[in-house]
Amino acid sequence: MADKPAPAPKGEQSGTREKKARKDGSGPLRKKVELKKWNAVAMWSWDIEVNVCAICRNLLTELCIECQANQSGSAADCTVAWGVCQHAFHFHCIERWLKTRGVCPLDEQEWECQRTGR
């Protein structure tokens with residue numbers, strides 16, 4: 001009798017076996033996914049965690065209560081002040097606060113202005 005090749009395992013045809021990846025990573029791997037195109041999407045935000053002034057409770061992007069009361073204030077006049085503690089307030093609000101207390105309203109550390117601007 002002539003030797004016959006062993007039958008293919010159930011579910012596979014002979015001659016079409018693919019190399020399979022071993023779980024321990026020692027064997028050849030098949031390509032599972034091929035990345036053909038990639039679109040990057042980015043978002044930005046202010047470099048502060050909270051966008052509300054803790055003194056007047058208005059958004060930092062809006063006018064403070066002092067500028068709203070004057071009605072002559074513009075967005076350019078109403079700036080934001082950041083402390084070294086990374087807390088941000090409207091400049092007019094923190095200026096008024098510092099006349100009576102010399103600390104940050106949120107963490108009670110001595111207030112030191114890091115920068116001002118929009």
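## The β1–β2 hairpin

In this predicted model, strands β1 and β2 form a hairpin with four residues between them. Within that turn, glutamine 86 has a positive phi of about 75 degrees. The two strands pair in the antiparallel sense over three bridges, with β1 covering residues 80–83. Across this pairing, tryptophan 82 stands opposite alanine 88 of β2.

Strands of a sheet pair through backbone hydrogen bonds, in either the parallel or the antiparallel sense.

In a regular strand, side chains alternate between the two faces of the sheet. In β1, Val80 and Trp82 point one way, while Ala81 and Gly83 point the other way. These four residues of β1 are all buried.

The chain has one salt bridge by the rule applied here. It is formed by the side chains of arginine 96 and glutamate 66, at 3.3 Å from N to O. The pair links distant parts of the chain, since arginine 96 is in helix α2 and glutamate 66 is in helix α1 (residues 65–70), 30 residues apart. Arginine 96 has a relative accessible area of 35%, so it counts as partly exposed. Glutamate 66 is likewise classed as partly exposed because its relative accessible area is 32%.

## The nonpolar core

The largest nonpolar core contains 15 residues. Cys53, Cys64, Phe89 and Trp111 are those with the most contacts inside this core. The elements that give two or more residues to the core are β1, β2 and α2. Of the elements, β1 gives the most, with three residues.

Which residues does cysteine 53 contact, leaving aside its neighbours within four places in sequence? They are Asn58, Leu60, Ala88, Phe89, His90 and Cys93.

## The chain overall

The chain holds two helices and three strands. Along the sequence these elements follow the pattern α-β-β-α-β. Of the 118 residues in the chain, 19% are buried.

Among contacts between residues at least 6 apart in sequence, 49% join residues at least 24 apart. The chain exposes about 10,000 Å², and carbon and sulfur atoms supply 51% of that area.

Definitions and conventions. Residues are numbered from 1 along each chain as its sequence is written. This is a predicted model: local features need pLDDT of at least 70, side-chain atom pairs count only at pLDDT 80 or more; totals for chains, interfaces and linings use all residues. Side-chain values use heavy atoms; hydrogens and water are left out. Two strands pair if DSSP finds at least two bridges between them. A salt bridge is a side-chain nitrogen of Lys or Arg within 4 Å of a carboxyl oxygen of Asp or Glu. Buried means under 20% relative accessible area, exposed over 50%, partly exposed in between (1.4 Å probe, protein chains only). A nonpolar core is a set of buried Ala, Val, Leu, Ile, Met, Phe, Trp, Tyr and Cys residues joined through side-chain atoms within 4.5 Å. Contact means heavy atoms within 4.5 Å. Accessible areas come from the Shrake-Rupley method with a 1.4 Å probe; for residues, only the protein chains shown count as cover.
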